[in-house]
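Me: I would like to go through this structure step by step. Please begin with the terms that I need.

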Amino acid sequence: MNAAVNFEPQVEGRSRIHPHQFALWVACASIVMFFSALTSAYIVRQGAGNWLEFRLPDLFYINTVVILVSSVTLQASYLNFKKGRKEAYRGLLLATFMLGIAFLVLQYMAWQSMAGIGVMLDGNPSGSFIYLISGVHAAHVLGGVAALVMAIIHAFSLPYKATQRRKVRFALVLTYWHFVGFLWLYLLGFFTVTAA
Amino acid sequence: MATAAKQTTAPVQHDEDLLIQEYGYDDHFHEHHEGDKYQSNFISTYIFSQDHKMIARQFLITGIFWAIIGGLMSLVFRLQLGFPEESLAWLKPFLGKWITVNAETGMGTLAPEFYYALVTMHGTIIVFFVLTAGLSGTFSNLLIPLQVGARDMASPFLNMLSYWFFFLAGAVMFFSLFLSTGPFAGGWTAYPPLSALPQASSGSAGGMTLWLLSLTFFVISVLLGGINYITTVLNLRTKGMNMWRLPLTIWAFFVTAILALLSFPVLVSGFFLLIFDRTLGTSFFLNEIFVGGQALDHVGGSPILFQHLFWFLGHPEVYIIILPAMGIVSEVLSVSARKPIFGYKAMVFSILAIGFLSFIVWAHHMFMSGVNPFISNFFVVFTLIIAVPSAVKVFNWITTIYGGNMRYTSAALFAVGFVSMFISGGLTGIFLGNSAIDIQMHDTYFVVAHFHIVMGVAAFFGMFAGVYHWYPKMFGRFMNETMGKIHFWGTLIGAYAIFWPMHYLGMAGVPRRYYRFDNFDTFSHFSAMNQFITIAAILVFACQLVFVINFFRSIWVGKKLTEKNPYGANTLEWTTPIEVPHGNWPGKIPAVHRWAYDYGKGGQDHISQIVPLAEGEGDSGH
């Protein structure tokens, strides 16, 4: 038993959102500020001139599809979990995990292709910013993958039971995973627009 | 029947217990908590505690530790500034190689690079460890669950982590003090290139690496805490506790947490860029630069970019420091004056306005950094607009105590002292917020005097008011009032004696962060004033020792708290038992029926928030 469950509010009308779910949204707001600071720094630095322009690696765009599909599979896994379809729930969860790993590997390959065309981390800041921002985003995805591992351990080691408590836990992973997916969508959109 | 049923339940001693039993609601907490397995041994009770009240005490005591360290550092550099000709050889046993003793004359001098390290560490420690963690960490943790009527924070586990990340941050910073190259010495703002080039100065090497590591841990601590504070205020309020019934303390802590959550990540983004520049050879902040005649590889970076990122946190940070103090002062003044807070809603809107404005004024720290003067105009206007909500708050504090039946306890004195300091320091902010006057004033002792009074001394006063006021809630005993009053008067007079003269130094153009002034003819006639400031600083520090002795002594020998509600206050923390258990209320959580400031209403001295409204009675908060 976790100490936190005892503190759930029992008041009508205020328990529409679980406190932990709400706390996660607050944390996401904080992460958004982190990335908006980095992208703002990017804009300010770009405005100062001496800015190397280069073509973004195609893998970034392919990878966007990967992370969006993984969001869909995780959402499907969550729905199956709630509806009691155990096999689909477990399978889709594993698929999401594989897609998450694939995303990280493909990001690494994208950085390699950037280095291949001579855009180095310690070169012009235009490249440094792309490495840094996509790198820090990958670190956030890695955190999501760690959460997926926890969810997989729960899915395969615990007896299947769609309790309120487990639903909340799963919903937390789901929210965060969607969040890092949309974050990538924003970042890539930002890179594309500012490069044009 | 009814009386028989009551006799079989827990013994009832107070009217308030009856009210809680009758109107409170049951969240089945105690059913889960028989035997309280979360506080079963010494380690889970006192060290890795998940109880918000214990975490609050941990934050407070750690904050006091750092305040002593930070204060001692200021004494050393004040000795250097006040008495540059005197020997500091007697400090050699403490500071070791940072004191050079001349073998012939026996004259001990402070190493100039260590002077900078002391100034840097003093700022970092007091701003982050004492006035952020020590102030909002302590009182948000203690008061949010108690005053909104919650068993604990939304996530007690994250709350515990928040303290331990703070502890870790402190441990790393403490370690950096003992490096052979010394702690970071480039100023608490850590501007590049001093912070970005390990070879820039001795403190820029290992000292800066540990500084970055420490503050990254610190930000994690702040974020974990802030997430909890916001969630608890929004999601775990007791029945009847709508937002307009929250005490002003909670409003202040709530907005503080929002500011922290939105601004600290921006600082971390600056840290990331800095770490990349330091270790991976990027050029985010580094321009074409020569060190010792050697050209470095860096090209095309912008040091101003770091200043933008830093001050986007840095300015909200001063409100992260002052808002909790404002909340505490509002509550303490109202309780001490036995009067409702004047203009409750105006107070709330002022907090919100200050919180909002704090995000769009950061470049007023950079008027002289080469930002476009036309952009400066924008920042001047919004900076000066902050005076409006600030003045509303000052007006309301004064009208709250005006005509009140004031009880001048130590807490009340410090709250009044806060208002005095806030006015003095706030007025000089209007000078500095003006970009034209800033040409003369920037980087002088005028700035030092301004921010020390308005966010240093004032925030400390708010913190002291809170400690004296809620000490019985934390430790079940009162602090000694006589020592409290000595502490107050010594600190009030002494703090003005330190910082008032600094305004004159600043107006005369004496720059801050200089190691010594006696070689400059222009400033030579200020040496007596600098001596006076140093002596005042030593006396003020001595007064703080009175506080520290009082604080620790009272834990064991202070006057015992014998009643639940010693001050006749209305807020919920005074409805808990004298020794507050884990979960805060042994039975039901009290429901709330009115705002927190019903003092002197209908001829009654005070009406607790848990007392239902009489028929036809309106809730004054609305």
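Reply: Helices (H or I, at least four residues) and strands (E, at least two) are DSSP runs, numbered from the N terminus. The model is predicted, so local features need pLDDT of at least 70 and side-chain atom pairs count only at pLDDT 80 or more, while totals for chains, interfaces and linings use all residues. Residues are numbered from 1 along each chain as its sequence is written, and chains are lettered from A and ligands numbered from 1 in the order in which they are written.

Me: Where is B:Asp443 found?

Reply: B:Asp443 sits in the loop between helix H16 (435-441) and helix H17 (445-475) of chain B. Its phi is positive, about 60 degrees, although B:Asp443 is not a glycine.

Me: Does that residue count as buried, exposed or partly exposed, and why?

Reply: B:Asp443 counts as partly exposed because it has 14 C-beta neighbours inside 10 Å. A residue is buried if 20 or more other C-beta atoms lie within 10 Å of its own, exposed if 12 or fewer, and partly exposed in between, with C-beta atoms placed from the backbone.

Me: And what about B:Asn584, buried or exposed?

Reply: B:Asn584 has 23 C-beta neighbours inside 10 Å and therefore counts as buried. B:Asn584 belongs to the segment after helix H19 (527-557) of chain B, and its phi, near 70 degrees, is a positive value in a residue other than glycine.

Me: Which peptide bond is cis?

Reply: The bond from B:Pro192 to B:Pro193 is cis, with omega near 10 degrees. B:Pro193 lies in the loop between H8 and H9 of chain B.

Me: Now to chain A. How many helices and strands does it have?

Reply: Chain A has five helices and zero strands. The C-alpha trace of chain A spans about 60 × 35 × 25 Å along its principal axes. Of its 196 residues, 32% are buried.

Me: How many residues does each chain give to the contact between them?

Reply: Chain B gives 43 residues and chain A gives 33 residues; two residues are in contact if their C-beta atoms, placed from the backbone, lie within 7 Å. On the side of chain B that touches chain A, H10(B) supplies the largest share, nine residues. That side has 25 nonpolar, 14 polar and four charged residues. Here Ala, Val, Leu, Ile, Met, Phe, Trp, Tyr, Cys and Pro count as nonpolar, Asp, Glu, Lys and Arg as charged, and the others, Gly among them, as polar.

Me: At what angle do H1 of chain A and H10(B) pack?

Reply: Helix H1 (residues 19-47) of chain A and H10(B) pack at about 45 degrees, with axes 8 Å apart. Axes are lines fitted to C-alpha atoms, for helices over the stretch in contact, and angles run from 0 to 180 degrees between N-to-C directions. H1(A) and H10(B) are therefore oblique to each other: under 35 degrees is roughly parallel, over 145 roughly antiparallel, 65 to 115 roughly perpendicular and the rest oblique.

Me: Which residues make that contact?

Reply: Among them are A:Phe34 and A:Leu38 of H1(A), and B:Leu262 and B:Val266 of H10(B). The residues of the contact of H1(A) with H10(B) divide into 14 nonpolar, two polar and no charged.

Me: Lastly, which residues does B:Phe418 touch?

Reply: Not counting residues up to four places away in sequence, B:Phe418 touches B:Ala325, B:Val329, B:Ala458, B:Phe461, B:Gly462 and B:Ala465.
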